[in-house]
Structure formats: structure tokens, C-alpha cells
Amino acid sequence: VETAVLDGTGPARAIRAEVAAAAAELAAAGVPARLAVVVATDDESSAWYVRSIAKAAAKSGVECEVVDLGADASAERIREELAALSGEPEVHGIILQTPLPPGADFEELASSIAPDKDVDGANPLSAGRLAAGLPAFPPATAAAVLAVLDHHGVPLAGRDCAVVGRSTVVGKPVAQLLLGRDATVTICHRHTADLAARTRTADVLVVAVGRPGLIAEQHVHRGSVVVDVGTNPTPDGGLVGDVDPAVAGRVAALTPVPGGVGPVTTALLLRHTVRAALAESGG
Ligand code: NAD
């Protein structure tokens, strides 16, 4: 089979261009779009991700403020910071980085992010609104999965989709977004009895687990469109997804790792931030 590469760099570039145009308008109107990133960890992959957000923001003309509270910050200190940023008119988007210090609960803290600034859909209110079909920012990674599929013209209505992984940040919101597009959705997780039986017949397979090689030849068919959200660091400093490389050549289409969902995720965080700024400025 000739496997199409569903790359994310193309859609990311298109989204960043759209963001740059909106950001320039906002700056000209005296309301530069601003994203605040709250960090309370020394984790190296978190630091890498924050740098990539800051770089993408700089390219698009969005201000990015990294608020580093240190790896020993208390939950109370993080909550106060999120509440303070929520009240700052100059800040339009707020994200809370993981991992968090021991004793700090992500969902509980994210409840302190004002819903209209919750550009990574972290506040449980945003998840509830998304599930109810009301306007809300979805988590950027989940939105990125849909953006990659849309950019490459993959139809969803009436089709069978399998999502592997049911986390609050990726699996569940991806399933919600696919449902919202009239797909028939199966959600698989670590207790799923026969994973291959669930994934093999899907038209579209989205994998967000964090286990290299989890999806192999027996989990797909020749017509599968596979989105690999997994990002697993390798000992040599590289990155691999959850899909066995042998799957390439045996499916219709596959996203690369790196260069798939990742770059679209950061671009969408910025899109959400300019949209929040436009909404606030009445645009
Ligand atoms: P998580 O650990 O919160 O959730 C993993 C999910 O996988 C769980 O729901 C679990 O039930 C399921 N699972 C575990 N083992 C399984 C198995 N053997 N079979 C079926 N399901 C199984 O992880 P997460 O935060 O959702 O992230 C998933 C992956 O996506 C990670 O590799 C993460 O690094 C990556 N990620 C990438 C981006 C991006 O922008 N590209 C963003 C967020 C997360």
C-alpha cells in the first residue's frame, strides 16, 4: 500500500499565518494578544514544550509570558497565580504546564483558570461545555488531531473511529470532537479486552497512549487512517510515537512523529489565544 504522510507542518504553518494576521491587527489596535504559561516543574520535556510554544508565539506576534514558580511551588501558590492571571486584562490565554509538584491536582487547579482564557481546555468547565456541545476551547492537542484530519481532507461523518487512550487532555476530548463531527466512536483504554478487534476495523484510528510500538500490523487494515499522538523520548534524544514503524506501508495514511500532531498543537494554542483576545476586544 502507498501510505500517505499526514504531516502537521503544513497545517501548522497555515494556522500560524492566520494567527499572525490577527495578532498584527490586535497589536495595531493596542491590545497585543498575550499568552501566560504557568510552570512548576524542572521536567526536561516540559521545558522543551514551553520553549517551542515561546518560539511559535514569537514567530506569530503573540506575546508569551512564562511564569516559573519553581518545582517546589505549593498548590496554593499555583492557584493564586492562575487566579491573578485570570484577572489581568492584558492576559488573554493561560496554560498550566504538567507535571505538577506532589500534592497539586491538575483539574482542581485548572478550575482557577477563567473559562474565557482557558485556551488549552484545562478547566473542567470547558470539558463539560465541550461535552454539552457548547462553545469552549478544546484541549489544543485534541483540536490538533481534528485539524490534521481536516487539512488532509479525511471525511468523518458516519465513519467508524477508534480512539486509544481516555485521558482528560487527549483521548476523551478527541472522542467528543469526533462525535461532534458525526463519527461513530469507540474509546479504548488499558482495560480493553481485545484492542486489535476494536481498532482493526476502524476507518480512522487515533492513538494517544504513550507506549512505543503499541499499535502494530494486527491493529490496522489497508484502508486505516492513523493519527499517532504519542510522543515517547528515545535514549538518543529523539522522539517516537505509539505506532510501530512497520505499520507504515500497510495503511492508507499515517501522521509522522515528530512533525505530526505536535506542531499543530502549539499553533492552535496561539489561535485560541488570539480568538480570546478578539472576543475580549469585541472583535
Ligand atoms: P495518559 O498517560 O494520561 O493516558 C494514557 C491512556 O492510555 C490512558 O487512558 C490508558 O487507559 C491508555 N492505555 C495505557 N496502556 C494502554 C494499553 N496497553 N492499551 C490501550 N490503552 C492503554 O497520557 P496522555 O496525557 O493522554 O498522553 C498520551 C500520549 O500523547 C503520550 O505519549 C503523550 O506524551 C502524548 N501527548 C502528545 C501531545 C502532542 O502535542 N503531540 C500532547 C499531549 C500528549
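The shell around the ligand has 10 nonpolar, 12 polar and 3 charged residues (Ala, Val, Leu, Ile, Met, Phe, Trp, Tyr, Cys and Pro count as nonpolar, Asp, Glu, Lys and Arg as charged, and the others, Gly among them, as polar). This is a predicted model: local features need pLDDT of at least 70, side-chain atom pairs count only at pLDDT 80 or more, and totals for chains, interfaces and linings use all residues. Residues are numbered from 1 along each chain as its sequence is written.

**Ligand shell**
- The ligand is surrounded by 25 residues (C-beta atom, placed from the backbone, within 6 Å).
- The closest are G165, S167, H189, R190 and G210.
- Helix 9 (residues 261-280) gives the largest share of the shell, 3 residues (helices are DSSP runs of H or I, at least four residues, and strands of E, at least two, numbered from the N terminus).

**Nonpolar core**
- The largest nonpolar core has 85 residues (buried Ala, Val, Leu, Ile, Met, Phe, Trp, Tyr and Cys residues joined through C-beta atoms within 7 Å; buried means 20 or more other C-beta atoms within 10 Å of a residue's own, all placed from the backbone).
- At least three residues of this core come from each of domain 1 (30-114) and domain 2 (140-262), with bounds from an automatic or database domain assignment.
- V145 is among the residues with the most contacts inside the core (contact: C-beta atoms, placed from the backbone, within 7 Å).
- Not counting residues up to four places away in sequence, V145 touches V174, V206, V227, V229 and V261.

**Helix 7**
- Helix 7 (residues 171-180) is largely enclosed by the rest of the structure, because 8 of its 10 residues are buried.
- Its buried residues, including K172 and V174, pack against helix 5 (124-131), helix 6 (140-151), strand 5 (160-164), strand 6 (184-188) and strand 7 (204-207).

Methods: A residue is buried if 20 or more other C-beta atoms lie within 10 Å of its own, exposed if 12 or fewer, and partly exposed in between; C-beta atoms are placed from the backbone. Two residues are in contact if their C-beta atoms, placed from the backbone, lie within 7 Å.
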